[in-house]
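Please look over the protein below. The questions after it can be checked against the sequence and the model.

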Amino acid sequence: GRFDAYKLEAKGADVLFASYAADTSIPAHTHDTDNYGVITRGELILTQNGMTTRHGVGDWYHVAAHVEHAARFDVATDEVEFWFTP
């Protein structure tokens with residue numbers, strides 16, 4: 001599906017504005033950054049450390065650097081992520 005993202009660089013962090021179409025899946029992967037995000041529309045289904053959690057509008061989530069995680073979006077979803085360089 002369609003994926004739109006906008007990135008704003010800030011000192012010590014990158015900011016990602018992302019939109020995901022319904023039925024989007026992102027396979028397991030890692031980042032070198034410590035990531036925090038907030039859902040602004042829809043829902044994120046996040047799997048990390050063997051646990052799956054759901055995050056709706058206004059919910060914040062955290063993925064630590066180098067932690068393998070996967071994401072799924074059953075409905076159209078927008079989010080803002082902050083990627084902090086350790």
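The following questions and answers go from the whole chain to single residues.

This is a predicted model, in which local features need pLDDT of at least 70 and side-chain atom pairs count only at pLDDT 80 or more, while totals for chains, interfaces and linings use all residues. Residues are numbered from 1 along each chain as its sequence is written, and side-chain values use heavy atoms, with hydrogens and water left out.

Q: How many helices and strands does the chain have?
A: Helices (H or I, at least four residues) and strands (E, at least two) are DSSP runs, numbered from the N terminus. Read from the N terminus, the elements run β-β-β-β-β-β-β-β-β. The count is 0 helices and 9 strands.

Q: What is the radius of gyration of the chain, and what does the globule rule give for 86 residues?
A: The radius of gyration is taken over C-alpha atoms, and the globule rule is 2.2 Å times the number of residues to the power 0.38. The elements in question run β-β-β-β-β-β-β-β-β. The two values are close, so the chain is as compact as a globular protein of that length. The radius of gyration is 12 Å, and the rule gives 12 Å.

Q: What share of the residues in the chain is buried?
A: Buried means under 20% relative accessible area, exposed over 50%, and partly exposed in between (1.4 Å probe, protein chains only). Of the 86 residues in the chain, the buried ones make up 35%.

Q: What share of the contacts with a separation of 6 or more joins residues 24 or more positions apart?
A: A contact means heavy atoms within 4.5 Å. Among contacts in the chain with a separation of 6 or more, the share from residues 24 or more positions apart is 62%.

Q: Which residue lies 24 residues from Gly37 in sequence and 5.4 Å from it in space?
A: Gly37 has its place in strand 4. Gly37 has a relative accessible area of 0%, so it is buried. Leaving aside neighbours within four places in sequence, its contacts are Asp59, Trp60, Tyr61, Val80 and Glu81. The residue at 5.4 Å, C-alpha to C-alpha, is Tyr61.

Q: Which residue forms a salt bridge with Asp78?
A: A salt bridge is a side-chain nitrogen of Lys or Arg within 4 Å of a carboxyl oxygen of Asp or Glu, and the structure holds 3 of them. In this pair, Asp78 is in strand 9 (residues 77-84) and its partner is in strand 4 (residues 34-41), 37 residues apart. Asp78 counts as buried because its relative accessibility is 19%. With the closest N and O atoms 2.8 Å apart, the partner is Arg41.

Q: How far apart in sequence are the parts that Glu43 and Arg54 tie together?
A: The side chains of Glu43 and Arg54 meet in a salt bridge at 2.8 Å, N to O. Glu43 lies in strand 5 and Arg54 in strand 6 (residues 51-56), so the parts tied together are apart by 11 residues.

Q: Is Asp23 buried or exposed?
A: Asp23 lies in the loop between strand 2 and strand 3 (24-29). Asp23 is not a glycine, yet has a positive phi of about 70 degrees. Its relative accessibility is 65%, so Asp23 counts as exposed.

Q: Where is His66 found?
A: His66 is not a glycine, but has a positive phi of about 70 degrees. At 53% relative accessibility, His66 is classed as exposed. Its place is the loop between strand 7 and strand 8.
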